[in-house]
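Subject: A structure for you to look at

Hi there,

Here is the structure I promised to pass on. Have a look at it first, and then read my notes below.

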Amino acid sequence: MAKTPSCGATAALHPNALLCLFPAILNLASNAVISSNATCGDPQPEVYCKLSDSTLDSSSSHYDCFTERHPITNAIDGTNQWWQSPSIKNGRQFHWVTITLDLKQIFQVAYIIIKAANSPRPGNWVLERSLDGVTFDPWQFYAISDSECLIRYNITPRLGPPTYKSDTEVICTSYYSRLNPLEHGEIHTSLINGRPGADDLTSDLLNFTSARFIRLRLQRIRTLNADLMTLSTHDPQDIDPIVTRRYYYSIKDISVGGMCICYGHSSLCLCLCPQKLQCVCEHNTCGESCNECCPGYHQQPWQPGTVSEGNTCEKCNCYNKAEDCFYNQTVADVRLSLNIHGVRQGGGVCVACRQNTAGVNCETCADGFYRPAQVPTDNPLGCTDCFCFGVSNVCESQCVCQENVTGRTCDRCQSGFFGLQSGRGCQACGCSQWGSLSESCDNEGRCQCVVGVAGDKCDHCSHGYYGFHGDGCKGSHSEHTHTHTHTLESVCAR
Ligand SMILES: [Ca+2]
């Protein structure tokens with residue numbers, strides 16, 4: 001019964017392949033919290049008889065639920081002590097008893113084995129499961145007869161030993177509600193084995209078998225056929241108690257075979273004591289259930305391990321400049337991300353690139369930084385500050401300067417400009433084309449004038465010179481003894 005999904009077995013046959021992993025199956029009931037809404041002897045002492053004691057005369061054996069208690073915890077204590085419900089001598093309502101197990105976290109349940117004690121197995125009942133303890137879904141129906149499956153549960157009975165046509169089929173069976181044996185009968189319910197997805201766990205089957213709460217809703221005690229008519233037509237309290245004291249439920253053991261949900265990425269489920277079990281994740285997966293890729297391993301999207309694929313999470317290529325990354329489908333579609341083999345495959349985007357790096361793979365430099373030629377992408381020094389002057393914050397070894405600004409760091413004006421100011425760039429020198437030695441000027445905007453020319457912009461004759469023109473000013477002449485200077489315009493006007 002306790003069979004790990006064959007994925008694990010297949011992995012053993014192919015030790016070199018990266019295949020899925022499954023942890024061992026544990027008895028989850030032994031750590032569960034169990035409760036029932038009715039127990040023999042609670043609140044007052046109660047006498048009962050056993051169906052297996054064949055004679056019905058008053059000298060047959062009597063027992064009581066006082067000297068020996070039968071609390072529901074006996075059903076998971078690992079001993080032969082048992083839980084017992086009140087007999088229907090106390091009333092018809094004791095056909096309906098509910099037992100609930102809280103596994104305290106969500107597990108994948110592979111099978112459930114229930115062992116009766118001193119009574120036949122329950123007749124009609126529903127095995128249910130829940131993730132939240134509020135909404136319960138049926139796992140399987142059990143009925144005294146095949147016709148009861150239709151009458152009580154509106155389900156076509158599955159004849160013979162239970163079989164399953166789909167991963168999520170909920171069947172009704174009378175196989176485990178038979179009268180014999182009168183004591184110590186067993187109910188074996190398989191939730192994985194025998195279903196189509198058992199060999200390579202499907203998500204449907206994983207969802208179907210996931211549970212934190214398990215509920216047994218017992219709805220009808222199995223009776224001798226001879227008593228059936230009497231019991232169905234009379235109130236039990238009007239029937240001879242020798243008959244009704246024999247009808248109750250008893251369970252000496254409930255085993256819940258299951259495992260941590262690790263999505264095929266763990267072969268070990270460890271106790272994080274006191275009370276929690278957790279997967280020891282492999283394949284670079286993280287999370288309580290190995291349900292996500294570890295930080296830095298998001299080059300491909302997370303997937304559960306399968307028989308054919310381990311689906312190991314793949315490391316992002318961040319050139320050792322980032323610890324984490326995330327997966328982006330668009331980045332994958334347009335092939336922007338390099339994997340660790342330098343191939344554009346996957347959608348890993350590095351997060352918080354260090355050392356002034358940037359980009360999907362931390363392969364470029366952040367604004368204001370550059371990588372000198374010959375320095376490799378994974379160099380531990382990362383990128384170098386551009387030290388650009390002014391507003392420009394972009395460089396590729398050479399800063400990208402504002403207009404009229406030059407220098408690797410944009411720290412000086414281009415020829416013909418002066419007065420570099422951060423954010424404003426440089427002003428034109430405005431040197432006169434005819435009166436200047438060059439187009440450049442000093443930091444105050446003063447141009448270098450040819451002989452005989454003066455002014456910050458070299459645009460008029462100096463004292464003693466006249467006739468400002470294309471070749472400068474002429475020397476002093478007697479007829480030009482005036483002392484004032486001539487502007488270019490006044491000269492041209494002569
Ligand atoms: Ca027990």
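How many residues of the lining of the largest pocket are nonpolar, polar and charged? They divide into six nonpolar, five polar and three charged (nonpolar is Ala, Val, Leu, Ile, Met, Phe, Trp, Tyr, Cys and Pro; charged is Asp, Glu, Lys and Arg; polar is the others, Gly among them).

Some background: this is a predicted model, where local features need pLDDT of at least 70 and side-chain atom pairs count only at pLDDT 80 or more, while totals for chains, interfaces and linings use all residues. Residues are numbered from 1 along each chain as its sequence is written, and side-chain values use heavy atoms, leaving out hydrogens and water.

**The pocket**

Of the 14 lining residues, Arg92, His95, Trp96, Gln219 and Arg220 lie nearest the centre of the largest pocket. (On a 1 Å grid over the protein atoms alone, a pocket is an open set of points where a 1.4 Å probe fits, with protein on both sides within 12 Å along at least five of seven lines; lining residues have an atom within 4 Å of a point.) The helix or strand runs come from DSSP (helices H or I, at least four residues; strands E, at least two), and α4 gives the most to this lining, with three residues.

**The calcium ion**

Its protein donors are Asn74 (O), Asp77 (OD), Thr79 (O), Gln81 (O) and Lys252 (O), lying 2.3 to 2.5 Å from the ion (donors are N, O and S atoms within 2.8 Å of the metal, or 3.2 Å for Na, K and Ca). Asp77, in the loop between β4 and β5, and Lys252, in strand β12, are 175 residues apart. Aspartate 77 is partly exposed, at 31% relative accessible area, whereas lysine 252 is buried, at 15% (buried is under 20%, exposed over 50%, partly exposed in between, with a 1.4 Å probe and protein chains only).

Happy exploring!
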